[in-house]
Structures are given as structure tokens and as C-alpha cells.
Amino acid sequence: MKYFLKRLPSFPTQAAVVNGEPVKSIVKWGNFSALRIIFTNMNNKNILLPLLATLIAGWTEKGTAQPLPATQSQPPVMPAAKTQVTLTVVNGVAGYQDTPLEPDGKWHVHDPARPQSRIVTSGPFSQNATPPSDAIVLFDGKDLAQWRDKRTGEAAPWPIADGVATSAKDDIVTTNEFGDLQLHLEFREPTPPSGTGQGRGNSGVYLMGRYEIQILDGYDNKTYPDGATAAVYGQHPALVNACRPPGDWQTYDIIFNVPHFDANGNLLTPGYVTVFHNGVVAQNHQAIRNDPPWHSSGGYAPHGATGPLALQFHKNSVSYRNIWVRPVAVDNEP
Ligand code: MG
């Protein structure tokens with residue numbers, strides 16, 4: 001059985017064992033924390049929860065009874081993603097409100113009522129930025145030899161013309177894997193625009209092949225904020241909407257730190273991402289909460305220290321150029 005406690009700014013992190021029950025993990029994400037306890041003695045639940053309730057105002061209980069994994073080496077049981085959700089329109093924005101609550105307890109995943117990001121007019125910033133000498137060039141306009149079709153494993157099926165690759169047919173993934181990194185890419189939304197909301201110029205860049213930084217034509221196009229341009233998809237809306245008009249080139253400069261897990265697959269530190277969208281900070285060292293299936297607040301699935309980058313084909317034609325990556329260290333230690 002899992003219990004999540006939210007808004008615990010002063011939770012005693014030394015409480016590693018309470019009444020004989022080990023606290024499996026205490027995770028801080030931004031301005032709230034979560035505590036996960038796996039009860040091995042269900043009698044302790046009746047003691048521990050009232051005790052915590054008296055210690056901590058505002059705690060809430062989420063989750064349902066789940067069997068303990070047979071071995072600690074197994075990944076934790078994830079809540080199943082809902083397969084049926086109802087499209088809801090709030091103030092002209094389509095989204096969902098019968099999806100799970102985000103851990104902040106305020107908004108549902110893909111909630112159309114969540115405030116839209118403030119619009120900032122941005123400049124060209126790092127357009128045509130020369131790759132630094134130690135960068136790995138992933139696309140220089142000539143070919144997609146560094147990529148393959150995510151579904152088939154064969155050559156990347158995106159057409160290239162005039163030094164530009166355009167999304168088509170399938171997602172593509174890099175043949176190499178990366179951990180902590182700096183990433184530069186440039187994208188261009190189709191003009192004239194067509195479609196609305198998530199249907200307008202949808203693509204995305206997946207860090208480690210799984211955490212999506214949304215790419216969307218968000219210029220004069222509202223959608224649920226946790227799926228808007230430069231959002232950590234399904235989790236964190238962008239701090240600002242710095243979209244340039246469709247047809248203009250736009251840049252992402254991303255710094256990403258991978259999440260870390262212990263030997264049992266428990267999360268030690270979340271992934272962190274900083275995103276400059278056209279030179280404007282859209283994600284500020286934001287903690288990635290999980291690895292969400294669509295319509296679920298999900299949970300982290302343990303994974304390795306590196307993963308490929310991926311670009312999404314979402315049935316829209318989004319163009320790319322000048323993609324390069326630099327593996328980076330977190331500290332300048334010898
Ligand atoms: Mg997308």
C-alpha cells in the first residue's frame with residue numbers, strides 16, 4: 001500500500017524508520033515532497049498514519065492497496081493508465097478533467113482550466129548556432145545517419161530537402177545514447193497553420209527516449225498548458241509562451257540531468273530539465289516527476305543511466321535543422 005503526503009516543507013527527512021517501518025523514499029520536487037511507504041506490517045498503518053497526520057497539516061492519502069512485489073528488484077507497481085477519458089472544453093481550451101490529479105493536488109493531467117502561460121515575444125536567439133568543437137552533431141542538414149526509425153529500427157524515414165528534415169511516418173531515435181546533456185535543436189512549424197490545440201504542429205523531443213519536451217505550434221493556439229510548447233508533457237507547463245509564428249525557425253537549448261535510482265529501483269533523485277525556448281527560460285531546473293503514460297500521473301519506471309534522444313511524429317509535418325548534443329558533467333571534478 002502506498003501513501004503519498006504532499007506539501008511537507010519541513011518533513012523530518014531523518015525519519016527513515018517509523019515504528020519499525022522503513023520509509024522507502026522521500027522525494028522533493030520543487031516546492032513539495034512525497035513520501036512513499038510500503039507497509040510490511042499492516043498493523044503499523046493504523047499507528048503510523050494518525051501519527052503523521054498530527055505531525056503534518058494538509059496531508060492527503062492517495063493510492064490503493066497493491067501487493068508487494070515478489071522481490072525488491074522488481075520495478076514498483078504502476079497505476080494503470082485510464083483508457084477512457086472525456087474531452088472537456090473550458091474557456092475554449094480542450095482538455096481533460098477526469099484524469100488523475102497531478103501530485104500538486106490542484107490540476108488534473110491535461111487540465112484545460114490550468115492557467116495559460118504568459119506570452120513573451122522572443123527573438124531568434126541561437127538560430128544557426130555553430131556546434132561547439134566537442135558537440136556531437138546529430139543533424140547538419142545532410143542526412144539522418146545518427147537516427148533510426150523508432151518503430152522498425154530501420155533508416156529514419158523523415159524526408160530531407162534544402163537542409164531540413166521533416167517529421168513523417170514514425171518517431172525517430174538516435175543510434176547513440178546520452179546521459180546528462182546539453183542539446184540544441186531548431187524546429188519550424190508549418191505555415192499556413194492547420195488544426196487546433198494538440199493537432200497543430202505537434203512533435204516533441206524525448207529525453208532518454210521517454211521524457212517529452214513538447215513541440216507544438218503554440219502561436220495563437222491554446223491547448224492544455226501541460227501539453228503546450230516547451231512543457232514537460234503532462235507535468236509542467238512552460239513558464240512562458242515564447243512561440244514564434246509558424247514558418248519562423250525556433251530554437252530549444254536544453255540542459256538535462258538524468259534521474260538516479262538505487263539498486264532496488266527506488267528513485268534517489270529525479271531528472272531535472274532546463275529549457276530555453278527562443279532564448280527565454282521556459283523550464284527552470286524543473287524536476288521531472290515521472291514517466292507518464294498518457295492521461296496518468298504515473299510514476300518513475302527505473303531505467304539505465306543513458307538513453308537515446310527521440311523526435312516525435314504526431315501526424316503533423318514539423319521541420320528540423322541544426323541538431324547537436326554535448327554530454328556534460330554535473331560537476332567539474334577530475
Ligand atoms: Mg508532442
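Phe 256 counts as buried because it has 25 C-beta neighbours inside 10 Å; the cut-offs are 20 or more other C-beta atoms within 10 Å for buried, 12 or fewer for exposed, and partly exposed in between, with C-beta atoms placed from the backbone. The structure is a predicted model, in which local features need pLDDT of at least 70 and side-chain atom pairs count only at pLDDT 80 or more, while totals for chains, interfaces and linings use all residues. Residues are numbered from 1 along each chain as its sequence is written.

**Confidence**
- The protein chain has a mean pLDDT of 83, and 73% of its residues reach 70 or more; pLDDT is the predictor's confidence in each residue, from 0 to 100.
- Over residues 1-19 pLDDT stays under 50, and the model has 49 contacts beyond four places in sequence for them; a contact requires C-beta atoms, placed from the backbone, within 7 Å.
- Residues 57-76 also stay under 50 in pLDDT, with 28 contacts beyond four places in sequence.
- Where pLDDT is low, the predicted coordinates should not be read in detail.

**Surroundings of Phe 256**
- Phe 256 belongs to strand β16 (residues 249-257); strands (E, at least two residues) and helices (H or I, at least four) are DSSP runs, numbered from the N terminus.
- Apart from neighbours within four places in sequence, Phe 256 contacts Asp 180, Leu 181, Leu 207, Gly 271 and Val 273.
- Between Phe 256 and Pro 327 the C-alpha to C-alpha distance is 9.6 Å, at a separation of 71 residues in sequence.

**The five-stranded sheet**
- Five strands form an open sheet in the order β8-β11-β21-β13-β14, with antiparallel pairing; pairing requires at least two bridges found by DSSP between two strands.
- At the edges are β8 (147-149) and β14 (211-215), each of which pairs on one side only.
- From one strand to the next the twist averages 25°, taken between N-to-C directions of axes fitted to C-alpha atoms, on a scale from 0 to 180 degrees.
- Three bridges join β8 and β11 in the antiparallel sense, and Trp 147 stands opposite Thr 174 in β11.
- Four bridges join β11 (residues 172-178) to β21 (residues 307-311), also antiparallel.

**Ile 172 and the nonpolar core**
- Ile 172 has Leu 311 in β21 as its bridge partner.
- Beyond four places in sequence, the residues that Ile 172 touches include Leu 144, Trp 147, Ala 156, Trp 158 and Ala 310.
- The largest nonpolar core has 45 residues, and those touching the most other members include Ile 172, Leu 207, Val 273 and Leu 309; such a core is a set of buried Ala, Val, Leu, Ile, Met, Phe, Trp, Tyr and Cys residues joined through C-beta atoms within 7 Å.

Definitions and conventions. Two residues are in contact if their C-beta atoms, placed from the backbone, lie within 7 Å.
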